[in-house]
Amino acid sequence: MHLVIIGNGITGVTAAITARRLAPDARITLVAAESAHHYARPALMYLYLGHLRYADVKPYADWFWAENRLELVHAEATGVDTAARTVQLATGPTLAYDQLLLATGSVVRTPGWPGQGLRGVQGFIGLPDLERMSRATQGIRHAVVVGGGLIGVELAEMLHSRGIRVTWLVREARYWQSVLPPEESVMLEAHIRRHDIDFRTSTELGEVLGDAQGRVRAVATTTGQELPAEWVGLATGVTPNLALARAAGLATDRGILVNELLATSAPGVYAAGDCAQHRQPAPGEAAVEQLWYTGRMQGETVAHTLCGQPTPYRRGAWFNSAKFFNLEYQTYGRVPAQPEAGLASFCWQHPNGQHLLRLNFREADQAVTGVNALGLRQRQDVWERWLRDKTSIGTVLAQLAAANFDPEFGRQHEPAIRREFERQFPGIAVAKPRRKGLFG
Ligand SMILES: Cc1cc2nc3c(=O)[nH]c(=O)nc-3n(C[C@H](O)[C@H](O)[C@H](O)COP(=O)(O)OP(=O)(O)OC[C@H]3O[C@@H](n4cnc5c(N)ncnc54)[C@H](O)[C@@H]3O)c2cc1C
């Protein structure tokens with residue numbers, strides 16, 4: 001069996017390593033255009049910040065691939081003939097495959113603003129972007145970041161670390177409002193502004209303005225304001241990379257359409273990770289998942305199917321984490337941005353604006369359904385268990401220390417969290433903490 005995988009991101013690489021374990025005799029080839037070896041994409045910003053070197057963000061040593069008989073081809077795949085089962089490379093020979101996995105990731109999404117092609121205007125998704133950004137931001141004084149969300153905050157932090165004045169434009173009325181409830185947005189906006197970022201909500205980019213040499217010099221907002229900018233970062237989201245799937249004639253929508261085995265519309269061709277779109281996602285789950293851990297899970301799952309052990313993809317409880325400057329964010333389960341009928345939402349905030357805990361639970365049976373934590377580190381294994389077991393909010397509050405990654409911290413805030421819960425929900429009993437004396 002010759003398995004060809006396009007893309008050496010977390011999805012493709014997890015699939016390759018899993019397949020090697022399950023099928024010791026298979027020939028496995030990884031084709032990748034961006035880099036010769038796999039690297040951790042979420043760590044890109046730390047290269048710019050100078051906290052890590054490129055060698056530090058490669059999870060596997062260069063000898064690992066040959067040692068595990070994983071053949072690496074550093075080239076772009078430009079076409080697939082699904083009838084002949086061959087992949088066309090931009091350089092080098094055509095590759096014949098028995099099974100093909102597309103793990104082509106995402107590309108930057110931009111609405112097509114006038115002037116977005118000027119020099120010094122770019123998205124941020126991979127190594128070439130990091131290199132362009134590093135060169136273009138040397139010695140500059142003003143930059144503009146466009147678009148809320150997680151890549152926006154990374155860009156703001158990166159620029160800020162080099163003493164560059166950052167103006168950050170967000171079209172929505174509040175930060176990441178499609179994902180976060182209002183209290184979280186407000187807390188993060190204040191936190192971002194404390195880092196000297198000129199953060200502007202309800203402000204939309206109208207046009208990017210250039211100088212005579214074709215370099216960006218300013219941006220104009222839709223209300224006609226002109227802001228100086230020697231560099232503009234576009235953080236308006238990513239979208240599945242469909243170029244190869246379209247060239248292959250596969251069925252696509254927003255992403256490459258796959259069934260629960262991650263099989264595409266062509267026999268022997270699978271798609272997973274950021275580029276895939278589930279035809280029938282489970283209730284409450286997203287059709288397109290663009291996260292590191294879901295890429296890893298999809299890669300591992302599809303490898304089983306590719307190796308003759310058909311395995312449906314089941315994501316399990318939702319999880320995400322991020323960092324907003326020095327403030328950590330974690331979410332487990334479902335925490336909708338807007339109130340929902342039948343769902344109660346308890347939110348505690350420390351008066352210093354550095355810590356927030358939101359616990360959502362069903363009104364009917366008080367089973368906890370999700371948590372948002374800002375500035376509080378929670379244990380994933382504990383939350384997964386509480387969500388799976390439909391643990392009651394009263395029990396969760398009593399046992400909150402068990403979810404604390406940092407028990408020192410728990411000693412300071414858990415009594416206050418419980419007192420606030422009893423104030424907001426006087427009708428719901430909170431069980432006594434399990435270990436007497438732990439909560440001060
Ligand atoms: C700056 C940044 C920070 C992020 N931070 C986080 C985070 O903190 N947590 C989190 O959960 N997620 C984060 N993400 C998202 C996460 O990195 C992605 O969800 C994940 O990398 C997707 O993995 P993938 O393997 O599906 O695709 P990718 O990692 O995008 O890899 C796909 C690879 O395929 C290659 N490729 C595409 N087409 C071809 C072709 N035709 N021929 C050859 N090669 C091809 C691409 O060049 C690319 O290298 C971040 C993303 C970015 C951009």
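Please keep in mind that the model is predicted.

Let's begin with the ligand. Which residues come nearest to it? Out of 28 residues around the ligand, those are Thr11, Glu34, Arg41, Ala77 and Asp274. Over at Trp292, a polar backbone atom is 2.9 Å from an oxygen atom of the ligand. And how much of the ligand is covered? On its own, the ligand exposes 990 Å², and the protein buries 87% of that.

Now, what is the shell around the ligand made of? Helix H1 (10-22) and helix H5 (150-161) are the elements that give two or more residues to it. By class, there are 13 nonpolar, ten polar and five charged residues. Domain 1 (2-107 + 239-306) and domain 2 (121-236) each contribute at least three residues to the shell.

On to the salt bridges, where the count is 18. In one of them, Lys58 meets Asp62, at 2.9 Å from N to O. Lys58 is buried because its relative accessible area, 18%, is under 20%, whereas Asp62 is partly exposed at 41%. Another pair is Asp365 and Arg362, at 2.7 Å. Here Asp365 is partly exposed at 41%, and Arg362 is partly exposed at 32%. Finally, have a look at Glu183, Glu184 and Arg358, which are joined in a salt-bridge network.

Conventions: Residues are numbered from 1 along each chain as its sequence is written. This is a predicted model: local features need pLDDT of at least 70, side-chain atom pairs count only at pLDDT 80 or more; totals for chains, interfaces and linings use all residues. Side-chain values use heavy atoms; hydrogens and water are left out. A residue is near a molecule or strand if one of its heavy atoms lies within 4 Å of it. A polar contact is a pair of N or O atoms within 3.5 Å; within protein, one must be able to donate a hydrogen and the other to accept it, and residues adjacent in sequence count only if both atoms are side-chain atoms. Accessible areas come from the Shrake-Rupley method with a 1.4 Å probe; for residues, only the protein chains shown count as cover. Helices (H or I, at least four residues) and strands (E, at least two) are DSSP runs, numbered from the N terminus. Ala, Val, Leu, Ile, Met, Phe, Trp, Tyr, Cys and Pro count as nonpolar, Asp, Glu, Lys and Arg as charged, and the others, Gly among them, as polar. Domain bounds come from an automatic or database domain assignment. A salt bridge is a side-chain nitrogen of Lys or Arg within 4 Å of a carboxyl oxygen of Asp or Glu. Buried means under 20% relative accessible area, exposed over 50%, partly exposed in between (1.4 Å probe, protein chains only).
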